[in-house]
Amino acid sequence: MTRTALVTGGSRGIGAAISVALKEAGYTVAANYAGNDEAAAKFSAETGIKTYKWSVADYDACKAGIAQVEADLGPVDVLVNNAGITRDAPFHKMTPQQWHDVIDTNLTGVFNMTHPVWPGMRERKFGRVIIISSINGQKGQFAQVNYAASKAGDLGIVKSLAQEGARAGITANAICPGYIGTDMVMAVPEKVRESIIAQIPAGRLGTPEEIARCVVFLAADDAGFINGSTISANGAQFFV
Ligand code: NDP
């Protein structure tokens, strides 16, 4: 039986690696994205993975987009909530717009995507919901009150969803990457990036493929007893 996986933000960065890894593991994969048509077209041409454009911040668009994916590829068995943005600013300078943009995408986006697939997962008695949270949701970060709040919220979502889904064969788990070498991190000024790498015991950034590996593990049919968990993949960047 071929299972269908839907990856949000699945055509670039960590999401692209997740889409490819799931395809290689035998899933039929749909990759959602927000607006970068060029990257999505290139990704689709290179991988043969179908891409779908809508914003996870828009509930109605998510419902319609998921319905289209399911009509094309079959019911979504595995949902990877990966789409995420940053709008960094020290708190005293953070605008309400910066707050809402990040919460709407990173936190409400998870609700918007998971809510429409949940009834089908319950009916079919199988589902895997995986959220890409962040080390900064676990420990907080200077100039990321909005981002850290959204990513900490993701951890509350999986712990609660896990309890609701457990008897219906649905698991919900989070992955907290440390710093991974994608556009998001390469956009950070080089000096800041160097100081970040100096704090990572592994002495390097992680790769998108190292996060994708965790997703494939959690998505598996025989991973059903791992529920409500958080996997940290951060090069031994411990924190208290
Ligand atoms: P990138 O900026 O490289 O890619 C982000 C992806 O999310 C893009 O595909 C983008 O679409 C998509 N996206 C953004 N907003 C929306 C939206 N509203 N609706 C649908 N898709 C959207 O990010 P990364 O790959 O670095 O990050 C992926 C996830 O991992 C994020 O949730 C991030 O917070 C998290 N993370 C990343 C870390 C890192 O070090 N890179 C560390 C910890 C967590 P488009 O291509 O159209 O722009």
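In this predicted model, helix 4 packs against helix 6 through Gln98, Trp99, Val102, Ile103, Asn106, Leu107 and Val110, which meet Asn146, Tyr147, Ala149, Ser150, Lys151, Gly153, Asp154 and Ile157 of helix 6. Sorted by class, this contact has eight nonpolar, five polar and two charged residues.

**Helix 4 and helix 6**
- Helix 4 spans residues 96-124 and helix 6 spans residues 145-165; their axes come within 9 Å and cross at roughly 15 degrees.
- Angles under 35 degrees count as roughly parallel, so helix 4 runs roughly parallel to helix 6.
- The crossing of helix 4 with helix 6 is right-handed.

**Helix 3 and helix 4**
- Helix 4 also meets helix 3, residues 59-73; the two axes come within 9 Å and cross at roughly 45 degrees.
- Helix 3 and helix 4 are therefore oblique to each other.
- Their crossing is right-handed.
- On the helix 3 side the contact is made by Tyr59, Cys62, Lys63 and Ile66, and on the helix 4 side by Asn112, Met113, Pro116 and Val117.
- This contact of helix 3 with helix 4 comprises six nonpolar residues, one polar and one charged.

**Helix 1 and helix 9**
- The axes of helix 1 and helix 9, the latter covering residues 208-219, come within 8 Å and cross at roughly 50 degrees.
- That angle makes helix 1 oblique to helix 9.
- Helix 1 and helix 9 cross in a right-handed sense.
- Helix 1 contributes Gly13, Ile14, Ala16, Ala17, Ile18, Ala21 and Leu22 to the contact, while helix 9 contributes Pro208, Glu209, Ile211, Ala212, Arg213, Val215, Val216 and Ala219.
- By class, the residues of this contact are 12 nonpolar, one polar and two charged.

**Ligand surroundings**
- There are 30 residues around the ligand, and those that come nearest are Gly9, Gly13, Gly84, Thr182 and Met184.
- Helix 1 (13-24), strand 2 (28-33) and helix 7 (183-186) each supply at least two residues of the shell.
- The shell around the ligand divides into 14 nonpolar, 14 polar and two charged residues.

**Domain record**
- An unreviewed UniProt entry lists residues 3-178 as "domain: Ketoreductase".
- In the model, residues 3-178 are 53% helix and 19% strand, and the end C-alpha atoms of this span lie 29 Å apart.

Definitions and conventions. Residues are numbered from 1 along each chain as its sequence is written. This is a predicted model: local features need pLDDT of at least 70, side-chain atom pairs count only at pLDDT 80 or more; totals for chains, interfaces and linings use all residues. Axes are lines fitted to C-alpha atoms, for helices over the stretch in contact, and angles run from 0 to 180 degrees between N-to-C directions. Helices (H or I, at least four residues) and strands (E, at least two) are DSSP runs, numbered from the N terminus. Angles under 35 degrees count as roughly parallel, over 145 as roughly antiparallel, 65 to 115 as roughly perpendicular and the rest as oblique. A crossing is left-handed if the near helix is turned anticlockwise from the far one by less than a right angle, and right-handed if clockwise. Two residues are in contact if their C-beta atoms, placed from the backbone, lie within 7 Å. Ala, Val, Leu, Ile, Met, Phe, Trp, Tyr, Cys and Pro count as nonpolar, Asp, Glu, Lys and Arg as charged, and the others, Gly among them, as polar. A residue is near a molecule or strand if its C-beta atom, placed from the backbone, lies within 6 Å of it. UniProt positions are given in the numbering used here, feature names are shortened, and annotations may be inferred rather than shown by experiment.
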